[in-house]
Amino acid sequence: MTAAPPDASWAEPRVDADDRRLLRLLDRSLADLRGLRLAEPAHPGDVFLGAGVPWFLTLFGRDSLWAARMMLPLGTGLAAGTLRVLARRQGTRVDPATGEQPGKILHELRRHEFAPNEGLRLPPAYYGTVDATMLWVNLLHDAWRWGLPADEIEPLLPHLEAALRWLDEHADADGDGFVEYVDSTGHGLANQGWKDSGDAVRFRDGRLAAPPIVLAEVQGYAYQAAVNGADLLEAFGRPGADRWRGYADRLAERFRATFWVDGRHGPQPALALDRDKRPVDSLTSNIGHLLGTGLLSGPESAQVAALLSTEAMAGGFGLRTMSTDDAGFSALSYHCGSIWAHDTAIVLAGLARDGHRAAALRLADGLLAAAEAFDYRLPELYGGDDRATLGRPVPYPAACRPQAWSAAASVLLLQAGLGVYPDVPNGRVDLRPLAGPELGALSASNLRIAGAPVTAEVDHTGHPTLTGYPTHIPTPRTPLSLAPTRRS
């Protein structure tokens, strides 16, 4: 890997906002992201984001994919480069030592073995991730919706089909219909979702869950990948769309029957299933990643929004990774009580898109307050202490700063504020802004839809306008007609 060419990999937006914290956060974040741009010497035009400084400045499947997805309002170039770089390293064989499987997307790439402690030894090319393959599919789909040209999508379609085959043939080792993971080497990552620390998956009473593990959010990613993959296959004349829509329907039924448990604040999706298929009943931020995937019904989405709005989850500077009511909670635990900027941004964007305005606004304010406290360079994570008690977030020792998906979270926050959701293939743009009376007026020019510069504005009443969009896309629909599509 090498530094990317100096040419910009995305458009530079011109933003005005009543909440000046958002302006300062965007300016600092975009400057940091320019410094995290990497490329391969043999393919200098395929730019991607290294995960973070100082520990993870390299290609990370999950991190690079999420960061590119967040950056789509500024153009599809970064997404295209990220997709191609990872497609070139897509798994082609079964190799237990590296976790490689046909169709699987890489977790991380290093020059040498990574052995930070006695128990962990990761090979230079490591595939121990349960979610990157679905996230690759979902980035390809979302880039298509934002206007990635067909001639850039078509060469990636064989990789899409390989990723879906992985979902069908390798992701469900025991055949129970859920996507799961287990480290078979004894020296790889014990947990292979985004919360990949060894103690991240805990029951409400603090006990560790035994693998294989079935994570809640991963089922949402799989559902979304199946639906999104079906849309792409159908649009480009490839077979299999009906099969993958059927897969998604069956997955949603199984999830609804298996994952919902009784919690302190009412029904909740469990964090995971353990080796014995028992629901891991702690309340965590993972369930927020289900929002916007289509896996939840309308009432289920509203219940998840209510759960994430409790003081136990939202009482800090953003969204805690674990509820303060759970025995495993610690404000400075890596994944069991701390706050991650990208996690908060993903969940608030899902809340906004699903129409849970108050819950989304609360998280947005927490994230902006944290940004102010960290001089507008959001770290990888910080403490989940109570906001009212301490008054400022506690830094986490050794957190990456800058970090790609933390910095890119600022663009996702901008998109949620403006509420711009394009669907270029179907000739429409939906507008559902979060900005307005509470967040204040917000405008941004030089965003990109289908490569064209557009300007989005939201006034103090919450009324949105979009100008400059490509002429082949009809006038954007109004917010009042835009209830998000969800399962009944």
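1. How much space lies in the largest cavity? About 70 Å³. The model is a predicted one: local features need pLDDT of at least 70, side-chain atom pairs count only at pLDDT 80 or more, and totals for chains, interfaces and linings use all residues. Residues are numbered from 1 along each chain as its sequence is written, and side-chain values use heavy atoms, with hydrogens and water left out.

2. Cavities. The whole structure holds 2 cavities of 30 Å³ or more. A cavity here is a set of points, on a 1 Å grid over the protein atoms alone, where a 1.4 Å probe fits but cannot get out; lining residues have an atom within 4 Å of a point. Grid points are joined across faces, edges and corners, and the volume is the space filled by probe spheres set on the points. The lining of the largest cavity includes Arg204, Arg264, His265, Asp281, Asp325 and Asp326. Gly263, Gln268, Leu283 and Ser323 also line the largest cavity.

3. Core. The largest nonpolar core has 160 residues. Such a core is a set of buried Ala, Val, Leu, Ile, Met, Phe, Trp, Tyr and Cys residues joined through side-chain atoms within 4.5 Å. Buried means under 20% relative accessible area, exposed over 50%, and partly exposed in between (1.4 Å probe, protein chains only). Trp136 and Val201 have the most contacts inside this core. Helix α14 (residues 404-418) gives the most to this core, with 11 residues. Helices (H or I, at least four residues) and strands (E, at least two) are DSSP runs, numbered from the N terminus.

4. Val201. Leaving out residues up to four places away in sequence, Val201 touches, among others, Tyr181, Leu208, Ile213, Leu215, Leu271 and Val280. Contact means heavy atoms within 4.5 Å. Asn191 and Arg207 are also among the residues that Val201 touches.

5. Thr310. This residue is in the loop between α9 (298-308) and α10 (311-314). Is Thr310 buried or exposed? Thr310 counts as buried because its relative accessible area is 14%. Its side chain reaches the backbone oxygen of Leu307 at 2.8 Å. That is a polar contact: a pair of N or O atoms within 3.5 Å, where, within protein, one must be able to donate a hydrogen and the other to accept it, and residues adjacent in sequence count only if both atoms are side-chain atoms. Beyond four places in sequence, Thr310 touches His265, Gly315 and Arg362.

6. Backbone points to check. Most residues other than glycine have a negative phi, and most peptide bonds are trans. The bond from Val53 to Pro54 is cis, with omega near 10°. Pro54 lies in the loop between β4 (43-49) and α2 (61-70). The bond from Pro211 to Pro212 is also cis, with omega near 0°. Pro212 lies in the loop between α6 (157-169) and β7 (214-215).

7. Positive phi. Asp375 has phi near 55°. Asp375 is in the loop between α12 (357-373) and β13 (381-382), and is partly exposed at 43% relative accessibility. Ala398 has phi near 70°. Ala398 sits in the loop between α13 (387-390) and α14. At 55% relative accessibility, Ala398 is exposed.

8. Cysteines. The count is 0 disulfides, a disulfide being a pair of cysteine sulfur atoms within 2.5 Å. Cys336 is buried at 0% relative accessible area. Cys400 is buried at 0% relative accessibility.

Conventions: 1 Å grid on protein atoms, 1.4 Å probe; cavity = no way out; pocket = protein on both sides within 12 Å on 5 of 7 lines; lining within 4 Å.
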